[in-house]
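I opened the notebook to record what I looked up in this structure. The entries run from the whole chain down to single residues.

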Amino acid sequence: MQHLDMNVIRQARDWLAGQPVWLCTVLNTYGSSPRSPGALMAATNDGRFCGSLSGGCVEEDFLQRIAQGEYQQASQIVRYGEGGLEPGIALPCGGVLDILVEYLPASAGNIAYLEKMGDALSGHFALQKCLTLPEPCCHLEVTGFADITQVERNGQHVMLHIAAAPRLLIAGLSSVALYCADFASSLGFEVLVCENRPDALENFSALLKSEITLIKQFPANYLEQNSCHANTAIVALTHDPRMDDLTMMEAVNTPAFYIGAMGSQKNSARRLERLHNLAELSPEELQRIHAPIGLPLGSKTPAEIALAVMADIVKRKNEARG
């Protein structure tokens, strides 16, 4: 399953081959809102749409308006909620949405524009996008990492620093690791799996989906050489102390927002003791390690354990974003 925003760009690209498309980007949210800045939706004037702006609160009104011939400028900002469209469209959640609406007539230039966005999203790069209302986008370039989409507005000038996808680095292949990789990919994470054990590669590597990157390297060595960006979760899911312990020793030297190792309460306590006594990790470093890993769901099967792991990662990621 592709990340939702990637689906939006690809669907918009397909529609644009024969008709105009309205590309919508959430700019700002005030109060309670189900969608964060950077979220995308594409729509056509015959009522089709892909993606979401509000989880269902405003899409119907928006589709009616484009069917009636509104939003024909190359770019404009539309507000839903208090102080927005008349008659006011009240969001059930009580929030306010500012939405950048780009009108894209069918043309080779606009197809190339969407393809450039798609290339960045599929490659998990951050983008800088600039435009001056009501003109079309004048600047779209790959830029440095950002873990959250940032929006700057100065009069009619709008600049978006569109965040790179979150990353999950899985140390070692196992049944749990396979489920974690699948769940994370469905949630829009870039997924890397580090594994160099011949038996594990033989048993599990063929089961990895094509969008998951397999790195045939010992995880600790990979982290030592490459580190990671701050929107990364690092998990060790093998029950192999040599792999899991060494991964944790390197992971605490990175800016990863989540670090965890699979194991029971007893085994986790032993691991933390080893890391303290043998690796001389400080109390502050040990506190960064989630062990046992995941939310306490009473999980027993590999799929349930993976669900608990990913639920905890998503929870921590969203908490970190405030």
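What follows is my set of entries, in the order in which I made them.

**Entry 1: the model.** I noted at the start that this is a predicted model. I kept that in mind for every value below.

**Entry 2: the whole chain.** I looked up the secondary structure and found ten helices and 15 strands. I then took the extent of the C-alpha trace, which spans about 65 × 40 × 35 Å along its principal axes. The chain has 322 residues, and 49% of them are buried. For contacts with a separation of 6 or more, I found that 61% are between residues 24 or more positions apart.

**Entry 3: surface and charge.** I found 24 positive and 35 negative side chains. The centres of these two sets are 4 Å apart.

**Entry 4: domains.** I checked the domain assignment, which gives domain 1 as 4-162 and domain 2 as 167-320. The C-alpha centres of domain 1 and domain 2 lie 35 Å apart.

**Entry 5: nonpolar cores.** Which residues touch the most other members of the largest nonpolar core? I found Leu-168, Ile-170, Leu-173, Val-191, Val-235, Leu-237 and Ile-313, in a core of 27 residues. The elements that give two or more residues to this core are β10 (167-171), α4 (175-186), β11 (190-194), α5 (198-204), β13 (232-236) and α10 (302-320). Helix α4 gives the largest share of this core, six residues. I also noted a second, separate core of 26 residues, which includes Val-8, Ile-9, Leu-16 and Tyr-113.

**Entry 6: Leu-168.** I listed the contacts of Leu-168, not counting residues up to four places away in sequence. Leu-168 touches Cys-180, Ala-184, Phe-189, Glu-190, Val-191, Leu-192, Ala-233, Val-235, Met-310 and Ile-313.

**Entry 7: Thr-25.** I located Thr-25 in strand β1 (residues 21-30). Is Thr-25 buried or exposed? Thr-25 is buried, because its relative accessible area is 3%, and buried means under 20%. Leaving aside neighbours within four places in sequence, I found Thr-25 in contact with Gly-38, Ala-39, Leu-40, Asp-98, Ile-99, Leu-100, Glu-102, Lys-129 and Leu-160.

**Entry 8: Gln-156.** Where is Gln-156 found? I placed Gln-156 in the loop between β8 (150-154) and β9 (157-162). The relative accessibility of Gln-156 is 46%, so this residue counts as partly exposed. I looked for contacts of Gln-156, not counting residues up to four places away in sequence, and found Leu-131, Thr-132 and Leu-133. Gln-156 and Thr-132 are 24 residues apart along the chain, and their C-alpha atoms are separated by 5.4 Å.

**Entry 9: Ala-279.** I found Ala-279 in the loop between α8 (265-277) and α9 (283-287). Ala-279 has a relative accessible area of 23% and is therefore partly exposed. Not counting residues up to four places away in sequence, Ala-279 touches Met-249 and Arg-274. I also looked up the separation of Ala-279 and Val-314, which are 35 residues apart in sequence and 29 Å apart in space, C-alpha to C-alpha.

Terms used. Residues are numbered from 1 along each chain as its sequence is written. This is a predicted model: local features need pLDDT of at least 70, side-chain atom pairs count only at pLDDT 80 or more; totals for chains, interfaces and linings use all residues. Side-chain values use heavy atoms; hydrogens and water are left out. Helices (H or I, at least four residues) and strands (E, at least two) are DSSP runs, numbered from the N terminus. Buried means under 20% relative accessible area, exposed over 50%, partly exposed in between (1.4 Å probe, protein chains only). Contact means heavy atoms within 4.5 Å. Lys and Arg count as positive and Asp and Glu as negative; His and the chain ends are not counted. The place of a charge is taken as NZ of Lys, CZ of Arg, CG of Asp or CD of Glu. Domain bounds come from an automatic or database domain assignment. A nonpolar core is a set of buried Ala, Val, Leu, Ile, Met, Phe, Trp, Tyr and Cys residues joined through side-chain atoms within 4.5 Å.
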